[in-house]
Amino acid sequence: MLSERFTAALTYATQLHANQVRKGSGVPYIAHLLGVASIALEYGANEDEAIAALLHDAIEDQGGAATRSEIRHRFGDNVTAIVDGCTDTDTTPKPPWRQRKEAYIAHIPTASPSVLLVSLADKLYNAQSILKDYRVLGESVWERFQGRKEGTLWYYRALVDAFKKTGTTVIIEELERVVAQIEVLASPEKILFPQK
């Protein structure tokens, strides 16, 4: 069961990301954090993992080292280690996009089971959002991503391949299904079936 620690993390995450919105959509960022925590819990997260899911972007987007120290103070070393494992940079300005993504992919095979679960929940949520937005916006969806279409498709396929090297789980299979759907929609060879 979730305790007051989870409630405290939810409040803290809401405060940290209060002025942040999702790229391109204007949706309050807390929706993403709640979604990732929900997916993590659905796939068996314990309380530390659920708290880390709420805070997985905090170091990267909201203060770097100072935020890491605050997370450690409030929620302990285990939560901090999981958040660190989901962070692709803690510096501002951020290193180049491709360099960050390649480093993130490279660390997946050695990541702890807790980091894998929270990272997978994050990537699954993002892939589901891309799929949903692509169906509404079409090709213009890629404009909101630094990697644009080619880079984003490369990144999600590389993530699936890296996660699969760690084993086979239901959440990895689900991520692969969603990424495959995005690839089919984004393919220039897609077959358009006539409306019935």
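T67 is buried, with a relative accessible area of 6%. The model is predicted. T67 counts as buried because its relative accessible area of 6% falls under the 20% cut-off. The residue lies in helix α5, which spans residues 64–85. The T67 side chain reaches the backbone oxygen of Q62 at 2.3 Å. Leaving aside residues up to four places away in sequence, T67 touches Y12, L16, A58, I59 and Q62.

I71 was examined next. With residues up to four places away again left out, the contacts of I71 are Y12, L55, A58, I59, G76, V79, T80 and V83. I71 also belongs to the largest nonpolar core, which holds 60 residues. Within that core, L55 and I71 touch the most other members. Helix α7, residues 113–137, gives the most to the core. Its contribution is twelve residues.

Attention then turned to the largest pocket. Its volume is about 820 Å³. The lining comprises 36 residues. Of these, R22, K23, Y29, N126 and F145 are the closest to the pocket centre. Five helices each supply at least two lining residues: α2 (30–42), α4 (58–61), α6 (97–107), α7 and α8 (148–164). Helix α7 gives the most to the lining of this pocket, with nine residues. By residue class, the lining divides into twelve nonpolar, ten polar and 14 charged residues.

Key: Residues numbered from 1 in each chain as written. Predicted model: local features only at pLDDT ≥ 70, side-chain atom pairs only at ≥ 80, totals over all residues. Heavy atoms only, no water. Core = buried A, V, L, I, M, F, W, Y, C linked by side-chain atoms within 4.5 Å. Buried < 20%, exposed > 50% of the residue type's maximum accessible area, 1.4 Å probe, protein only. Helix = DSSP H or I, 4+ residues; strand = E, 2+ residues; numbered from the N terminus. Contact = heavy atoms within 4.5 Å. 1 Å grid on protein atoms, 1.4 Å probe; cavity = no way out; pocket = protein on both sides within 12 Å on 5 of 7 lines; lining within 4 Å. Points joined across faces, edges and corners; volume = space filled by probe spheres on them. Nonpolar A, V, L, I, M, F, W, Y, C, P; charged D, E, K, R; others polar. Polar contact = N/O pair within 3.5 Å; in protein donor to acceptor, adjacent residues only side chain to side chain.
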